[in-house]
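Good morning, colleagues. Please look at the display before I start.

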Amino acid sequence: MFEILRKRRSIRKYSDRSVEKEKIDTLLKSALLAPSSKGIRPWQFIVVDDRETLQKLSQAKPHGAAFVANAAAAIVVIADTEKSDVWVEDASIASVILLLMIEDLGLGGCWCQIRERTYDANATASEYVKWALEVPDNFEVESIIGFGYPAEAKTGYEENDLKYDTLHLNRFGTRYEA
């Protein structure tokens with residue numbers, strides 16, 4: 001797991017190769033195994049592999065979503081806000097699990113933040129995605145995880161990239177020595 005964390009980078013450029021259904025199935029099963037508060041599991045997942053719909057999703061916010069248009073597929077992470085008051089955390093955990101599994105499967109992926117982002121002066125990014133995917137009102141959109149076979153290579157993180165000065169022991173200000 002540490003090696004997956006070390007190697008994983010946000011990949012925003014993808015080859016034209018489709019992702020096999022078996023790999024998408026594995027991603028979804030992994031997301032369904034995500035922990036959630038009190039086991040409520042307020043999240044749901046929408047797989048998008050239709051080119052036109054990926055193009056629509058790439059316009060969900062002015063900056064940071066364009067890469068979705070060229071992804072082989074995306075998984076939109078939504079949550080039922082009426083089921084849990086910590087849906088944000090639960091949906092975020094599921095999103096991270098998806099990113100780690102994408103790396104483990106030899107794919108590349110990137111998180112597109114939707115919650116608390118704007119589409120334009122009149123709508124939020126979540127409202128736009130909900131419109132585009134016909135998501136019911138009681139759901140909110142946490143993220144879009146675009147993925148595919150990488151068309152770019154990025155080096156993983158090295159030991160000296162780690163921010164050890166953010167580690168504390170027993171209280172803030174007492175440095176933890178790793």
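Predicted model: local features only at pLDDT ≥ 70, side-chain atom pairs only at ≥ 80, totals over all residues.

In which sense do strand 1 and strand 2 pair, and over how many bridges? Strand 1 and strand 2 pair in the antiparallel sense, over 6 bridges. By pairing I mean that DSSP finds at least two bridges between two strands. Helices (H or I, at least four residues) and strands (E, at least two) are DSSP runs, numbered from the N terminus.

Residues are numbered from 1 along each chain as its sequence is written, and side-chain values use heavy atoms, with hydrogens and water left out.

Let me stay with strand 2.

How many residues of strand 2 are buried? The count is 8 of the 8, so strand 2 is largely enclosed by the rest of the structure. Buried means under 20% relative accessible area, exposed over 50%, and partly exposed in between, with a 1.4 Å probe and protein chains only. Both faces are covered: Ala73, Ile75, Val77 and Ala79 are buried on one side, and Ala74, Val76, Ile78 and Asp80 on the other.

Strand 1 includes Gln44, which is partly exposed at a relative accessible area of 41%. Leaving aside neighbours within four places in sequence, Gln44 is in contact (heavy atoms within 4.5 Å) with Val76, Val77, Ile78 and Phe139. The C-alpha atoms of Gln44 and Gln55 are 21 Å apart, although 11 residues separate them along the chain.

Strand 3 holds Cys110, which is buried, with a relative accessible area of 2%. Not counting residues up to four places away in sequence, Cys110 touches residues including Tyr14, Phe67, Leu99 and Ile144. Cys110 and Phe147 lie 37 residues apart along the chain, yet their C-alpha atoms are separated by 6.6 Å.

I turn now to the helices. Helix 4, residues 87-104, has 18 residues and reaches 26 Å from its first C-alpha to its last, close to the 26 Å expected at 1.5 Å a residue. That expected span is 1.5 Å times one less than the number of residues. Among the buried residues of helix 4 are Trp87, Asp90, Leu98, Leu99 and Glu103. Which elements do the buried residues of helix 4 pack against? They pack against helix 1 (2-7), helix 2 (21-32), strand 1 (43-48), strand 2 (73-80), strand 3 (108-113) and strand 6 (139-148). Helix 4 is followed by Gly106, whose phi is positive, near 80°.

Helix 5 is mostly covered, with 7 of its 9 residues buried. Its buried residues include Tyr128, Val129 and Leu133, and what covers them includes helix 3 (51-57), strand 4 (118-120) and strand 5 (123-124). Ala60, in the loop between helix 3 and strand 2, is buried at 0% relative accessibility. Beyond its neighbours within four places in sequence, Ala60 is in contact with residues including Ala125, Tyr128 and Val129.

Two backbone angles deserve mention. Most residues other than glycine have a negative phi. Lys38, in the loop between helix 2 and strand 1, has a positive phi of about 60° although it is not a glycine. Just after helix 5, Glu134 likewise takes a positive phi of about 60°. Are these residues buried or exposed? Lys38 is exposed, with a relative accessible area of 77%, and Glu134 counts as exposed at 72%.

Finally, the largest pocket. On a 1 Å grid over the protein atoms alone, where a 1.4 Å probe is used, a pocket is an open set of points with protein on both sides within 12 Å along at least five of seven lines, and lining residues have an atom within 4 Å of a point. The largest pocket is lined by 14 residues, of which Asp16, Arg17, Arg51, Ala71 and Ala72 lie nearest its centre.
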